[in-house]
Amino acid sequence: MSFEINGKTYETDEEGYLVNLSDWNEDAAKHLAVEEKVELTDQHWEVINFLREYYNDYQIAPAVRVLTKAIGKKLGPEKGNSKYLYELFPYGPAKQACKIAGLPKPTGCI
Amino acid sequence: MAHVKPYVADAQVQASVNYPGELVEDWHDKAISRMGELLGKYRSLRVFMDACVHCGACTDKCHYFIGTADPKNMPVARQELMRSVYRRYFTLPGKLVPGLVGAKDLTKEVLDDWFSYFHQCSECRRCSVFCPYGIDTAEVTMAAREILNTVGYGMKYTNQILAKVQKIGNNLGLPGPALEDTLSGLEEDIEMDTGVSVKMPIDVQGAEVLLVTPSADFFSEPHVESLIGYAKVFHQAGISWTLSSHASEAGNFGLFNGNYEQMRNIAMRIRQAALDLGVKRIIVGECGHAWRVAYAFWNTLTGIGAGGDDPFSIQLQKQLDPRYRQPMHICEFTHDLIKRGALNLDKEANDHRIVTYHDSCNVARASRMGDMPGGQFIIPREIIKAVANNFVDMPMDTIGERTFCCGGGGGVLTDDLLEVRVKGALPRMEALNQVKENNKVNFMATICAICKAQFTKVLPFYGFDMSMVGGVHQLVSDAIQLGTKE
């Protein structure tokens with residue numbers, strides 16, 4: 001499976017996650033967000049950018065607590081909780097936000 | 001119905017767990033040959049193939065049948081998918097007059113049905129409680145999955161996880177540095193909340209206890225709340241403990257696939273960690289099937305547990321403290337401390353909750369806790385009653401050994417089976433609704449990472465808030481009065 005933007009082809013798996021992490025760019029994120037019915041705002045981008053930075057450092061998406069704490073520091077303590085993240089990414093911050101950020105799907109009992 | 005089949009594992013995933021990358025050309029012969037091997041190796045499987053008298057006692061006992069109303073989800077029908085093939089190839093009447101005895105050729109269509117319906121079974125064993133012969137559909141499902149995998153027809157979700165745990169040490173694929181970062185963040189959180197410095201030690205040589213817990217406890221909500229609870233219990237009890245980056249997973253999906261080798265490989269990581277760190281005790285966190293594997297299989301798989309008198313077992317037995325049960329469930333550990341008055345608990349801290357308890361299937365029907373029959377039902381409830389003032393059980397036919405699966409066990413906890421998961425949760429949701437309406441229950445405690453993840457996802461489909469589910473040690477965490485006893 002794949003999608004195309006401006007002549008560039010992005011390969012995805014059957015669940016819509018990018019196959020090649022290095023393919024990701026803002027265009028791809030915007031396309032993936034539309035597929036997920038998520039309208040990207042600055043707050044979404046804060047989360048997406050943090051996910052990518054963390055992944056770059058640790059080769060895994062951050063645990064939910066790590067993410068909420070980081071977002072709380074950036075956007076204010078009232079937003080540092082999973083309820084807020086679910087408002088941004090209704091299917092769940094771990095899976096949906098990772099998909100839009102071009103990261104692999106987290107697996108396990110989650 | 002959509003979502004009745006999970007995604008098929010691709011060649012890369014299959015290769016990483018040593019199965020053929022795609023359906024092999026001679027799949028028919030290979031499948032029958034593997035089935036013959038399993039029938040020879042597991043006597044139980046042959047008995048289960050032979051013993052059914054079609055009495056119908058199991059038919060309406062499966063949560064997936066109740067939720068989907070698909071007749072192929074009746075336990076007897078699920079077993080029959082394999083039994084009809086068994087008759088055709090392994091019994092004389094089936095070989096001679098297949099049409100008269102319900103014997104069927106293994107066609108591609110039958111194999112596809114296997115793939116679909118043996119992945120709509122969570123191996124919860126509720127049906128076996130009601131079967132007069134004790135036929136265990138879970139074992140049939142495990143055998144079927146092993147046969148499917150052998151011919152290159154594996155399931156993506158489970159096999160991907162099996163690859164990760166054997167490569168990185170946990171189902172999530174959390175590498176050591178990420179784990180350390182996560183744990184130090186949690187230490188900060190606890191200190192901020194309580195003013196007390198509670199440690200989350202990892203890879204500490206010479207610690208008394210090795211704690212093995214599902215990796216979801218590091219990663220997810222509400223799981224992490226229980227991890228914080230375990231840390232607080234160890235802290236107040238003054239018992240040194242450690243996690244292991246090598247064995248950072250309690251769960252063992254090898255069980256789900258009926259693959260002995262992989263189950264052993266995963267369990268061996270825990271033996272190795274115990275030997276390397278020199279611990280005296282091994283304690284298992286809140287994970288349903290992990291406790292089944294630990295309680296029932298670690299003994300022969302890894303030499304953890306009493307009884308073995310071979311050099312392999314003795315090596316570890318010499319190291320572990322014989323005064324304690326090995327392995328021990330975290331609930332047994334905490335319960336024992338509570339009984340001895342070693343924890344200072346303020347029940348009022350949970351007064352905003354009216355709590356019920358969901359028995360997880362593998363704990364309920366495949367293991368025990370403590371030294372009394374039914375301890376696996378009693379001990380978690382006793383802990384809850386020691387840390388909360390308001391506790392109500394759900395209806396009797398939905399708890400204890402008759403508990404309903406959350407709907408996501410046995411490798412079904414994947415997005416591609418979401419519809420099956422939502423429908424399979426129906427009986428539990430009805431029971432929960434009853435105590436919500438009658439007793440104002442607003443919290444369902446459980447001791448399984450899969451149950452927690454599954455309920456978080458499906459509760460909203462039934463109009464409940466996802467935060468209604470959490471761990472038993474989450475309640476302990478809120479009630480424990482740090483700084484008063486240590």
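**Chat about a predicted model: chain B and its contacts**

Colleague: Leaving aside neighbours within four places in sequence, which residues is Leu111(B) in contact with?

Modeller: Leu111(B) touches Leu106(B) and Tyr153(B), once its neighbours within four places in sequence are set aside. Keep in mind that this is a predicted model.

Colleague: Where does Leu111(B) sit?

Modeller: In helix H7 of chain B, which covers residues 108-117.

Colleague: Is Leu111(B) buried or exposed?

Modeller: Buried. The cut-off is 20 or more other C-beta atoms within 10 Å, and Leu111(B) counts as buried because it has 21 C-beta neighbours inside 10 Å. Ala144(B) is 33 residues away from Leu111(B) along the chain, and their C-alpha atoms are separated by 9.6 Å.

Colleague: Changing topic, what are the confidence scores like for chain B?

Modeller: Chain B has a mean pLDDT of 96, with 99% of its residues at 70 or more. For the model, ipTM is 0.95 and pTM is 0.97.

Colleague: Now H2(B). How many residues has it, and how far does it reach?

Modeller: Helix H2 of chain B runs over residues 27-41, so to speak a stretch of 15 residues, and reaches 21 Å from its first C-alpha to its last. That is close to the 21 Å expected at 1.5 Å a residue.

Colleague: Which residues of H2(B) are buried?

Modeller: Trp27(B), Ala31(B) and Met35(B). They are on the same side of H2(B), because they cover an arc of only 70° around the axis. As background, an α-helix has 3.6 residues a turn, so residues three or four places apart point the same way.

Colleague: What do the buried residues of H2(B) pack against?

Modeller: Helix H9 of chain B, residues 137-150. On the face of H2(B) turned away from the buried side you find the exposed residues Asp29(B), Gly40(B) and Lys41(B).

Colleague: And H13(B), how many of its residues are buried?

Modeller: 14 of the 15, so H13(B) is largely enclosed by the rest of the structure. Its length works out too: the 15 residues, 223-237, should span 21 Å at 1.5 Å a residue, and the end C-alpha atoms are 22 Å apart, which agrees.

Colleague: What comes just after H13(B)?

Modeller: Gly238(B), with a positive phi of about 70°.

Colleague: What about the bond between Gln326(B) and Pro327(B)?

Modeller: That peptide bond is cis as well, with omega about -10°. Pro327(B) lies in the loop between helix H16 (311-317) and strand E4 (328-329) of chain B.

Colleague: Back to phi. What value does Asn18(B) have?

Modeller: A positive one of about 60°, although Asn18(B) is not a glycine. Asn18(B) is in the loop between helix H1 (11-16) and H2 of chain B, and with 13 other C-beta atoms within 10 Å it is partly exposed.

Colleague: And Arg125(B), where is that found?

Modeller: In the loop between H7 and H8 of chain B. Phi of Arg125(B) is near 75°, positive in a residue other than glycine. Arg125(B) has 25 C-beta neighbours inside 10 Å, so it counts as buried.

Colleague: Bigger picture, then. Which domains is chain B divided into?

Modeller: Domain 1 is 20-153, domain 2 is 169-332 and domain 3 is 342-479. The centres of domain 1 and domain 3 of chain B, taken over C-alpha atoms, are 30 Å apart.

Colleague: How many residues does each of those two give to the contact?

Modeller: 14 from domain 1 of chain B and 18 from domain 3 of chain B. On the domain 1 side, the elements giving two or more residues are helix H4 (63-68) and helix H8 (126-130) of chain B. H4(B) has the largest share, with five residues. That side of domain 1 divides into five nonpolar, six polar and three charged residues.

Colleague: Last one: how many residues of chain A are in contact with chain B?

Modeller: 16 residues of chain A, in contact with 30 residues of chain B. Helix H3 of chain A, residues 64-75, gives the most to the chain A side, with four residues. By type, the chain A side has eight nonpolar, four polar and four charged residues.

Note on methods
Residues numbered from 1 in each chain as written. Chains lettered and ligands numbered in written order. Predicted model: local features only at pLDDT ≥ 70, side-chain atom pairs only at ≥ 80, totals over all residues. Buried ≥ 20, exposed ≤ 12 C-beta atoms within 10 Å, placed from the backbone. Contact = placed C-beta atoms within 7 Å. pLDDT = per-residue confidence, 0-100. Expected span 1.5 Å × (residues − 1). Nonpolar A, V, L, I, M, F, W, Y, C, P; charged D, E, K, R; others polar. Domains from an automatic or database assignment. Arc of directions from axis to C-beta.
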